[in-house]
Amino acid sequence: FTGDFHAIGAANNLLAAMIDNHIFQGNALKIDTRKITWRRCVDMNDRQLRNIVCGLGGKTNGMPREDGFDITVASEVMAVLCLSADIDDLKARLARIIIGYNTDDQPVTAGDLNAHGAMAALLKDALKPNLVQTLEGTPAFIHGGPFANIAHGCNSIMATRMALKLGEYAVTEAGFGADLGAEKFIDIKCRMAGLKPSAVVIVATVRALKHHGGVSKAHLGEENLEALEKGLPNLLQHVGNITTVFGLPAVVAINRFPTDTEAELQLIADKCRELHVNVALSEVWAKGGEGGVELAKEVVRLCEQPSNLQYAYHLESSI
């Protein structure tokens with residue numbers, strides 16, 4: 001909403017244009033047009049553009065080659081922006097982007113094309129976190145959004161560090177579940193930025209757990225303790241990963257729906273307590289901040305407990 005996505009798309013496509021212009025002007029880097037990995041991007045889901053042939057129209061319109069478009073949030077520029085500590089770090093990371101390979105199968109980078117400076121200039125304002133507020137006046141940063149299925153799925157390091165400087169508690173989201181979002185948040189973002197989370201909130205719903213237990217969407221509003229118990233191992237595995245693999249205290253937040261029954265909520269609470277993890281109801285969607293007081297109190301309690309952050313793997317480990 002501030003133009004950040006447009007800037008990221010412009011920087012991405014500037015690099016794409018410089019690749020093709022370099023090839024058109026003589027290709028001093030001997031870029032193999034069959035091995036270009038950098039794609040253009042557009043902030044629109046358009047499957048017709050996923051794979052294209054570009055450079056058609058004769059000699060003056062470039063060298064024909066296969067190309068394609070990704071959506072903007074899937075651009076490596078988005079991931080680079082969110083992992084950068086400052087403008088100098090941004091330039092260095094942009095320079096290391098591999099755009100493809102030359103005829104000797106050696107990688108060619110954005111730095112080889114001298115594209116990183118111009119890309120950073122387009123991103124100089126997008127690099128700054130965006131301060132907004134909730135409906136109740138709570139300050140929040142909205143900054144960046146790399147896809148968790150192909151990138152690290154977290155907001156920017158700069159926004160998180162700024163939040164930690166400006167408040168007593170900073171809450172940040174790691175998208176795509178505890179097995180993907182939280183893992184990348186801890187193993188990539190926290191490791192790179194030197195962040196040490198004090199506690200983890202694992203969000204779940206009764207409906208989703210019953211769906212894991214085999215209930216169809218049409219019947220998720222009906223009490224079904226048997227299906228809920230079948231689906232609970234999914235949640236409990238997430239809980240175990242956070243507390244035992246990463247060594248962090250956790251609370252399970254149940255995003256409550258009107259159709260949830262007391263028996264279903266109690267079953268989840270009982271199973272989580274077997275792993276020494278509490279459950280707190282979240283009714284923020286219906287009651288605003290008041291609906292999150294129970295959860296907030298548990299998070300504050302956990303933040304006062306000792307934690308032993310550890311990573312799932314060592315950087316020196318082999319693939």
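The dialogue below takes these features in turn.

Reply: This is a predicted model, in which local features need pLDDT of at least 70 and side-chain atom pairs count only at pLDDT 80 or more, whereas totals for chains, interfaces and linings use all residues. Residues are numbered from 1 along each chain as its sequence is written, and side-chain values use heavy atoms, with hydrogens and water left out.

Me: In which order do the three strands of the open sheet lie?
Reply: Strands of a sheet pair through backbone hydrogen bonds, either parallel or antiparallel. Here the order is S10-S11-S12, with parallel pairing. Strands (E, at least two residues) and helices (H or I, at least four) are DSSP runs, numbered from the N terminus; two strands pair if DSSP finds at least two bridges between them. The edge strands, S10 (200–204) and S12 (278–282), each pair on one side only.

Me: How many bridges join S10 to S11?
Reply: Five bridges join them, and Val 201 has Val 251 in S11 as its bridge partner. S11 (residues 250–255) and S12 also pair over five bridges, with Val 252 opposite Val 279.

Me: Why is S11 described as largely enclosed?
Reply: Five of its six residues are buried, so S11 is largely enclosed by the rest of the structure. Buried means under 20% relative accessible area (1.4 Å probe, protein chains only).

Me: What do helices H8 and H9 contribute to the contact between them?
Reply: Contact means heavy atoms within 4.5 Å. The axes, lines fitted to C-alpha atoms over the stretch in contact, with angles from 0 to 180 degrees between N-to-C directions, come within 10 Å and cross at roughly 35°. The contributors from H8 include Leu 225, Leu 228 and Leu 232, and those from H9 include Ala 263, Leu 267 and Ile 268. The contact residues divide into nine nonpolar, no polar and three charged, where Ala, Val, Leu, Ile, Met, Phe, Trp, Tyr, Cys and Pro count as nonpolar, Asp, Glu, Lys and Arg as charged, and the others, Gly among them, as polar.

Me: Which residues of helix H3 are buried?
Reply: An α-helix has 3.6 residues a turn, so residues three or four places apart point the same way. In H3 (residues 87–95), the buried residues are Leu 90, Arg 93, Leu 94 and Ala 95. They pack against helix H2 (76–83), strand S7 (107–109), helix H4 (116–123) and helix H6 (177–193).

Definitions and conventions. Buried means under 20% relative accessible area, exposed over 50%, partly exposed in between (1.4 Å probe, protein chains only).
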